[in-house]
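User: Could you take a close look at one part of this model for me, and follow it outward to whatever it touches?

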Amino acid sequence: MRFSTWEFYLRETGRSLVRNRLMSLASISTVALSLLILGVFLLGVANLNHIAGTLENQVEVTAYLDDKVSGAAQVELIDQVKGLPGVREARFVSKEEALQRLKEQFGERRDLLAAVEKNNPLRNAVEVRTLTPGDVKPVVEELKKLPGVAKVSFKEEIIERLFALTRAIRYAGLGIVLLLVAGTVFLISNTIRLTVFARRREISIMKLVGATDWFIRWPFLLEGLCLGFIGSLPAVLLVVRFYAWLAANVYTTLPFVPLLAPGDLLGRLSLLLVGLGLLVGGLGSAISVRRFLRV
């Protein structure tokens, strides 16, 4: 394709954007608003998924040891636990350390534990963390088989509820994102179709004088890409500024909330929104123009 032809397409695209400035403004606003909602929602889903993953990784299994296990047998047992498939970390907790933790939990009422200090009823234990949440149950079953392990605790009911909750968050988030993307494409496609519809007579005349389909289509495609690109910019700007503000406030007031760091997340999200703006703009134009080329 010759340079003069591209020059013609770009000139026609610019003229069309200016001549139909109200429709162009409507399309840009639609793209910006749709991508803004989508961007904020994607940030929410990404963070909920991150929090769910963090909670899953904090699941801990505790293996309480028989009181008769001590010395070399204790060391050997801990090595056996570390060697089990799916175990990421195993840490020995003496009954003295367990009592100290209990005192810290009681806080000002720690005096209530004074009566048991001389005859500590707690057991030595091994705290185990698994590689993945799915490794919890197999590791528990293996721990129960080890000689010297008196009891295994992993709060099965709470963990099952936690896993069910995290699965529900992920599936619901994925479904809502897909619906929102489909809705955004539909909305933008219809907005651009209105622009094309307003110029249907111009398209018919060009067809009647012998213009090829692609000669007519290119300016509309470029216009759709321009509208999608320009519309994505305010969406990216607002999403970035909103999340940077939110992250700064959460880090300050709620430091225990595991929010995703803005750096890489916002970079990837910005590229995604710009790419999506270009895609839906070009796709919307292509779909809309095709109908009016059948003259």
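Analyst: Happy to. Let's start at Ala114, in the loop between α4 (95–106) and β3. Helices here are DSSP runs of H or I with at least four residues and strands are runs of E with at least two, numbered from the N terminus. This is a predicted model, in which local features need pLDDT of at least 70 and side-chain atom pairs pLDDT 80 or more, while totals for chains, interfaces and linings use all residues. Residues are numbered from 1 along each chain as its sequence is written, and side-chain values use heavy atoms, without hydrogens and water.

Ala114 counts as partly exposed because its relative accessibility is 44% (buried is under 20%, exposed over 50%, partly exposed in between, with a 1.4 Å probe and protein chains only). Between the C-alpha atoms of Ala114 and Tyr251 there are 39 Å, with 137 residues separating the two along the chain.

Strand β3 covers residues 125–130, and five of its six residues are buried. β3 pairs with two strands (pairing takes at least two DSSP bridges). With β1 (residues 60–65) the pairing is antiparallel and has five bridges; here Thr62 has Glu127 of β3 as its bridge partner.

Now for the charged side chains of β3. Arg129 and Glu60 meet in a salt bridge with an N to O distance of 3.3 Å (the criterion is a side-chain nitrogen of Lys or Arg within 4 Å of a carboxyl oxygen of Asp or Glu). Arg129 belongs to strand β3 and Glu60 to strand β1, so this pair ties together parts that are 69 residues apart in sequence. Both ends are partly exposed: Arg129 at 28% relative accessibility and Glu60 at 29%.

Glu127 of β3 also has a charged partner. The side chains of Arg101 and Glu127 form a salt bridge at 2.4 Å, N to O, and since Arg101 lies in helix α4, the pair ties together parts 26 residues apart in sequence. Arg101 is partly exposed, with a relative accessible area of 30%, whereas Glu127 is buried at 14%.

In all, the structure holds five salt bridges. Another of them joins Lys145 and Glu142, whose closest N and O atoms are 3.6 Å apart. These two residues sit three apart in helix α5, so about one helical turn separates them. Lys145 is exposed at 59%, and Glu142 is partly exposed at 32%. Elsewhere, shared partners link Arg91, Glu97, Arg101 and Glu127 into one salt-bridge network.

Finally, the nonpolar side. The largest nonpolar core has 22 residues, and those with the most contacts inside it include Val126, Val128 and Val149 (a core is a set of buried Ala, Val, Leu, Ile, Met, Phe, Trp, Tyr and Cys residues joined through side-chain atoms within 4.5 Å). At least two residues of this core come from each of β1, α3 (71–82), β2, β3, α5 (136–145) and β4 (149–153), and α5 gives the most, with four. Beyond its neighbours within four places in sequence, Val149 is in contact (heavy atoms within 4.5 Å) with Ala63, Tyr64, Leu65, Leu77 and Leu143. Another core of 18 residues lies apart from this one, with Leu38, Leu43, Val177 and Val250 among its members.
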